[in-house]
Amino acid sequence: MAIVERDAPYPELKKSHTAAHKGTPWSDFKPPASAPVWNIIQGFGNYWLLMAAIELGAFDTLQKIGPCPLEPLAEATGLSRRSALFLFDGLVAIGMIEQYRDVYKLGDLASRYLTSDAVASMADLIGVAPGPLENWEELAETFRRGTPRQPIENDPEGFYVPLVEATYPTMLRAATRADLKIGYSRTPNLRLLDLGAGGAPWSVAILSQNPTATTVVNDYEGVLEVAKRRIAAAGIANHESRVEYLPGDFHTVELEPNSFDMVILGHILRTEGDEGAQHMIDRAFAALRPGGRVIVSDYFRDNTRKFNPFGVLMGVTMVAATRQGHTFTNEEVTAWIRATGFEALRLIEPIGFNSMYVASKPE
Ligand SMILES: C[S@@+](CC[C@H](N)C(=O)[O-])C[C@H]1O[C@@H](n2cnc3c(N)ncnc32)[C@H](O)[C@@H]1O
């Protein structure tokens with residue numbers, strides 16, 4: 001291979017005469033390290049190591065028995081010494097747990113996000129957040145075809161029931177904290193429309209913090225079962241009379257016009273493509289009373305599409321898993337919200353990584 005033959009024996013010290021090629025006398029040329037490529041290769045192992053740790057109860061075990069050396073951990077997880085060594089050392093290597101001398105312990109990260117009963121637990125999310133895992137092995141084919149072989153739309157309830165169970169703790173925190181920014185607890189008799197509600201974290205947060213609020217909760221019939229269970233378990237006063245369930249497709253289900261104080265589009269736009277997303281913003285506008293507010297909560301790409309890799313990679317996840325989904329830039333989504341007629345548009349971020357636009361229908 002020509003490139004290999006021409007590379008210097010000690011590339012990190014290479015000083016090349018480049019006049020013949022580039023017209024400049026010479027340059028110090030230090031090739032980039034290969035570490036970023038290795039990081040990607042090992043990223044595959046990192047993900048599966050974390051999945052295995054969740055499945056084997058590694059974090060819950062450490063929480064239960066506290067800081068300890070390898071032997072009690074091997075015994076409690078039922079693993080051989082070799083397996084336990086590489087499981088727990090591996091978790092230290094990828095920064096998920098801590099180790100001091102021979103003692104392993106949960107750090108703040110694992111205690112907050114990786115144990116199964118933590119308030120901010122992401123334990124169930126790790127397996128479902130990337131979408132159907134088998135789609136990733138066919139990503140090149142998906143890019144060629146433009147759609148995955150098994151888009152989640154083929155079996156929406158099968159995909160969304162575990163997803164919304166897993167995202168509920170995070171979205172409940174975001175929805176609860178959003179009150180500090182938008183004060184939904186201070187609107188008397190607030191009438192809420194929660195479209196594609198999932199486990200209904202928004203309805204639970206608002207009903208819990210506003211005792212006079214009522215809500216209409218929409219989703220597919222099978223997913224509404226999760227919402228019903230979550231709402232019943234949340235200890236909300238008089239929830240039976242304050243919640244109406246509205247099963248059906250959010251693009252077509254009948255919505256009362258001009259009657260809601262708040263409409264939630266909570267992480268439902270990025271599966272819908274440009275036209276579908278605009279259609280849902282239009283539907284929210286029509287359903288709101290004058291002065292009512294829409295919340296568009298989602299993961300967005302920044303306008304240059306490179307400063308927020310999370311938003312871009314969430315877009316890749318959508319391409320890998322859905323027929324037409326992708327993340328939108330802040331510019332795109334704000335243009336659509338304004339074009340619909342909304343005003344007083346602002347962006348809030350009640351918890352990290354969860355940004356949402358808030359806008360009002362003119363009085
Ligand atoms: C990512 S979850 C978001 C759940 C919740 N709104 C939240 O913010 O956590 C997307 C939800 O939209 C629902 N959904 C997707 N397409 C839908 C459609 N066409 N009609 C009704 N619900 C739909 C899914 O079932 C799922 O519960």
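Modeller: Helices (H or I, at least four residues) and strands (E, at least two) are DSSP runs, numbered from the N terminus. This is a predicted model, in which local features need pLDDT of at least 70 and side-chain atom pairs count only at pLDDT 80 or more, while totals for chains, interfaces and linings use all residues. Residues are numbered from 1 along each chain as its sequence is written, and side-chain values use heavy atoms, with hydrogens and water left out.

Colleague: Which does valine 37 count as, buried or exposed?

Modeller: Valine 37 has its place in helix α3, which covers residues 35-55. A residue is buried under 20% relative accessible area, exposed over 50% and partly exposed in between, using a 1.4 Å probe and protein chains only. Because its relative accessibility is 53%, valine 37 counts as exposed.

Colleague: About how much accessible area do Val37, Trp38 and Ile41 have together?

Modeller: Such patches take residues with over 30% relative accessible area and no salt bridge, nonpolar side chains being joined within 5 Å and like charges within 9 Å. Areas come from the Shrake-Rupley method with a 1.4 Å probe, and for residues only the protein chains shown count as cover. Val37, Trp38 and Ile41 make up a nonpolar patch on the surface, and their accessible area together is about 330 Å².

Colleague: How far apart are the end C-alpha atoms over residues 38-116?

Modeller: An unreviewed UniProt entry places the feature "domain: O-methyltransferase dimerisation" at residues 38-116, and such annotations may be inferred rather than shown by experiment. Over residues 38-116 the chain is 67% helix and 8% strand, and the distance between the end C-alpha atoms is 31 Å.

Colleague: Which element gives the most to the shell around the ligand?

Modeller: The ligand is surrounded by 18 residues, of which the closest are Gly196, Asp219, Asp249, Phe250 and Gly266; a residue is near when one of its heavy atoms lies within 4 Å. At least two residues of this shell come from each of β6 (214-219) and α10 (156-182). With four residues, the element that gives the most is α10.

Colleague: How much of the area that the ligand exposes alone does the protein bury?

Modeller: Polar contacts are pairs of N or O atoms within 3.5 Å, and in one of them a side-chain N or O atom of tyrosine 220 is 3.1 Å from a nitrogen atom of the ligand. Phenylalanine 250 places a backbone N or O atom 2.8 Å from a ligand nitrogen. Taken alone the ligand exposes 600 Å², and the part of this that the protein buries is 95%.

Colleague: How many of the nine residues of helix α11 are buried?

Modeller: Helix α11, at residues 201-209, is mostly covered. Its buried residues include Trp202, Val204 and Leu207. Of the nine residues in α11, the number buried is seven.

Colleague: How many residues apart are glutamate 138 and arginine 149?

Modeller: A salt bridge has a side-chain nitrogen of Lys or Arg within 4 Å of a carboxyl oxygen of Asp or Glu, and glutamate 138 meets arginine 149 in one, at 2.6 Å from N to O. Glutamate 138 is in the loop between α8 and α9, whereas arginine 149 is in the loop between α9 and α10, and the separation in residues is eleven.

Colleague: In which strand is arginine 191, the partner of glutamate 256?

Modeller: Glutamate 256 and arginine 191 form a salt bridge whose closest N and O atoms are 3.5 Å apart. The two are 65 residues apart, with glutamate 256 in the loop between β7 and β8, and arginine 191 in strand β5.

Definitions and conventions. Polar contact = N/O pair within 3.5 Å; in protein donor to acceptor, adjacent residues only side chain to side chain.
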